[in-house]
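Trainee: I would like to learn how to read features from a model. Can we go through one together?

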Amino acid sequence: MRNAVIALAVTAVLAAALFLLVPGSAYAWVKALHVLAIIAWMAGMLYLPRLFVYHAEAGPGTPQSETFKVMERRLLKAIINPAMIVTWVAGLWLAVNGSWFLPGNGWLHAKIFLVVLMSGFHGYLSASTRRFAGDANTRSSRHWRMMNEVPTVLLILIVVLVVVKPF
């Protein structure tokens with residue numbers, strides 16, 4: 001939680017600095033921040049289920065399991081959680097300041113729906129991290145291999161909506 005608060009505070013300070021130093025180009029800077037946050041979030045969302053595959057195969061109580069617990073917790077707390085927060089804050093700022101909520105931008109509503117699904121999957125991975133930390137995982141490595149594809153599919157759909165804007 002501390003890292004998430006720090007990420008949000010850094011985002012607010014950077015945004016304020018942008019408005020004061022370069023108010024005319026703040027939109028482009030926030031867009032760049034949004035893209036960077038998405039990249040970090042997705043990297044973590046793609047890697048964490050892969051760690052779960054190996055963790056499930058290691059079994060509880062092994063030295064490998066203890067190493068995976070540290071890796072998973074650090075990935076979630078230091079990268080994935082803060083990146084998701086910055087993605088949401090910057091994305092909503094862009095949507096409001098870019099007037100994307102106006103009629104005729106149905107693609108944005110579909111995109112937000114998919115990002116909500118991605119955030120829900122993030123929550124599932126967070127809960128799973130806690131289960132692994134408590135040696136209470138009941139899912140097989142096969143399950144985690146399948147779950148590893150969820151963020152990929154959502155990411156493809158989101159990128160198509162943003163780039164093509166089909167409706």
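Trainee: Which helix holds both Lys 69 and Glu 66, and how many residues apart are they?

Mentor: Both lie in helix H3, three residues apart, which is about one turn of the helix. Before going on, note that this is a predicted model: local features need pLDDT of at least 70, side-chain atom pairs count only at pLDDT 80 or more, and totals for chains, interfaces and linings use all residues. Residues are numbered from 1 along each chain as its sequence is written, and side-chain values use heavy atoms, with hydrogens and water left out.

Trainee: What counts as a helix here?

Mentor: Helices (H or I, at least four residues) and strands (E, at least two) are DSSP runs, numbered from the N terminus. The protein has six helices and zero strands, so its elements read α-α-α-α-α-α from the N terminus on. Its C-alpha trace spans about 55 × 35 × 15 Å along the principal axes.

Trainee: How does the reach of H4 compare with the expected value?

Mentor: The expected span of a helix is 1.5 Å times one less than its number of residues. H4 has 28 residues and reaches 41 Å from first C-alpha to last, close to the expected 40 Å.

Trainee: What is a salt bridge, and how many does the structure hold?

Mentor: Side chains of opposite charge can pair when their charged atoms come close. The cut-off used is a side-chain nitrogen of Lys or Arg within 4 Å of a carboxyl oxygen of Asp or Glu. The structure holds three salt bridges. One of them joins Lys 69 and Glu 66, at 3.0 Å from N to O.

Trainee: Is Lys 69 buried or exposed?

Mentor: Buried means under 20% relative accessible area, exposed over 50%, and partly exposed in between (1.4 Å probe, protein chains only). Lys 69 has a relative accessible area of 13%, so it is buried. For the protein as a whole, buried residues make up 37% of the 167 residues.

Trainee: Which residue forms a salt bridge with Arg 145?

Mentor: Glu 57, with the closest N and O atoms 3.0 Å apart. Glu 57 lies in helix H2 (residues 26–58) and Arg 145 in helix H5, so the pair ties together parts that are 88 residues apart in sequence. Glu 57 counts as partly exposed because its relative accessibility is 47%; Arg 145, at 36%, is partly exposed as well.

Trainee: What is there to say about the phi of Asp 135?

Mentor: Most residues other than glycine have a negative phi. Asp 135 has a positive phi of about 55° although it is not a glycine, and this residue comes just after H4. The loop that holds Asp 135 runs between H4 and helix H5 (141–147). Ser 99 is another residue other than glycine with a positive phi, near 55°. Ser 99 lies in the loop between H3 and H4 and, at 38% relative accessibility, is partly exposed.

Trainee: Which residues gather in the patch of positive charge on the surface?

Mentor: Patches are made of residues with over 30% relative accessible area and no salt bridge; like charges are joined within 9 Å, and nonpolar side chains (Val, Leu, Ile, Met, Phe, Trp, Tyr) within 5 Å. Lys and Arg count as positive, and the place of a charge is NZ of Lys or CZ of Arg. Here Arg 73, Arg 74, Lys 77, Arg 130, Arg 131 and Arg 139 form the positive patch. Helix H3 (63–97) and helix H4 (106–133) each give two or more residues to this patch, and H3 supplies the largest share, three residues. Arg 131 has its place in helix H4 and counts as partly exposed at 33% relative accessibility.

Trainee: Is Thr 129 buried or exposed?

Mentor: Thr 129, found in helix H4, counts as buried because its relative accessibility is 7%.

Definitions and conventions. Accessible areas come from the Shrake-Rupley method with a 1.4 Å probe; for residues, only the protein chains shown count as cover.
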